[in-house]
Amino acid sequence: MRGEDFLSVIEELVYQVTGISELTPDTDFIRDLALNSFDVANLVCAFEDRFQVEIPVRDVWKLSQVRDVIEYMQKKALPYSL
């Protein structure tokens, strides 16, 4: 799956969780979107459900930007998860 496809799905999930719709690969979840720990936890759960992966706590804080999530999911997500 292409990065653009992941970006589209991530935009959808972020919108569902936060109501924020404009993202780029460089968007930082904390700095740019001002998400708090509750928002991040909800977003991680949405990523896990949608991409059918388990994201260990040690990996959560490595996913600070949209591009980090795209790269992580390209490596971890099942091919049929979208």
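## Accessibility and backbone

A residue counts as buried under 20% relative accessible area, as exposed over 50%, and as partly exposed in between. The structure discussed here is a predicted model. With a relative accessibility of 41%, Gln52 therefore counts as partly exposed. Gln52 is located in the loop between H2 and helix H3 (57–60). Although Gln52 is not a glycine, its phi is positive, at about 55 degrees.

Ala34 belongs to the loop between H1 and H2. Its phi is near 55 degrees, a positive value in a residue other than glycine. Because the relative accessibility of Ala34 is 60%, this residue counts as exposed. As background to both cases, most residues other than glycine have a negative phi.

## Nonpolar core

The largest nonpolar core comprises 26 residues. Those with the most contacts inside this core are Ile10, Phe29, Phe47, Phe51, Ile55 and Met73. Helix H1 (3–18), H2 and helix H4 (66–76) are the elements that give two or more residues to the core.

Phe47 is found in helix H2 and is buried, with a relative accessible area of 3%. When neighbours within four places in sequence are left aside, the contacts of Phe47 are Ile10, Leu13, Phe29, Gln52, Val53, Ile55, Val69 and Met73. The C-alpha atoms of Phe47 and Ala77 are 9.8 Å apart, while the two residues are 30 residues apart in sequence.

Phe29 is in contact with Phe47 as well, again leaving aside neighbours within four places in sequence. The other contacts of Phe29 on that basis include Val14, Leu43, Leu63 and Val69. Ala34, described above for its positive phi, is also among the contacts of Phe29.

## Aromatic cluster

The count of aromatic pairs comes to three. Phe47 and Phe51 both belong to helix H2, where they lie four residues apart, about one turn of the helix. Both Phe47 and Phe51 are buried.

Ring pairs link Phe6, Phe29, Phe47 and Phe51 into a cluster. Of these residues, Phe29, Phe47 and Phe51 are also named among those with the most contacts inside the largest nonpolar core.

## Largest pocket

The volume of the largest pocket is about 150 Å³. Its lining consists of Asp28, Phe29, Ile30, Val40, Leu43, Val44, Phe47, Val60, Trp61, Leu63, Ser64 and Val69. These residues divide into 10 nonpolar, one polar and one charged. Helix H2 (residues 37–51) gives the most to the lining, with four residues.

Gln74 is placed in helix H4. This residue is partly exposed, with a relative accessible area of 39%. Gln74 and Phe6 are 68 residues apart along the chain, and their C-alpha atoms are separated by 8.1 Å.

How values were computed
Residues are numbered from 1 along each chain as its sequence is written. This is a predicted model: local features need pLDDT of at least 70, side-chain atom pairs count only at pLDDT 80 or more; totals for chains, interfaces and linings use all residues. Side-chain values use heavy atoms; hydrogens and water are left out. On a 1 Å grid over the protein atoms alone, a cavity is a set of points where a 1.4 Å probe fits but cannot get out, and a pocket is an open set with protein on both sides within 12 Å along at least five of seven lines; lining residues have an atom within 4 Å of a point. Grid points are joined across faces, edges and corners, and a volume is the space filled by probe spheres set on the points. Ala, Val, Leu, Ile, Met, Phe, Trp, Tyr, Cys and Pro count as nonpolar, Asp, Glu, Lys and Arg as charged, and the others, Gly among them, as polar. Rings of Phe, Tyr and Trp (its six-membered ring) pair if their centres lie within 6.5 Å; planes under 30 degrees apart count as stacked, over 60 as edge-to-face and the rest as tilted. Buried means under 20% relative accessible area, exposed over 50%, partly exposed in between (1.4 Å probe, protein chains only). A nonpolar core is a set of buried Ala, Val, Leu, Ile, Met, Phe, Trp, Tyr and Cys residues joined through side-chain atoms within 4.5 Å. Contact means heavy atoms within 4.5 Å.
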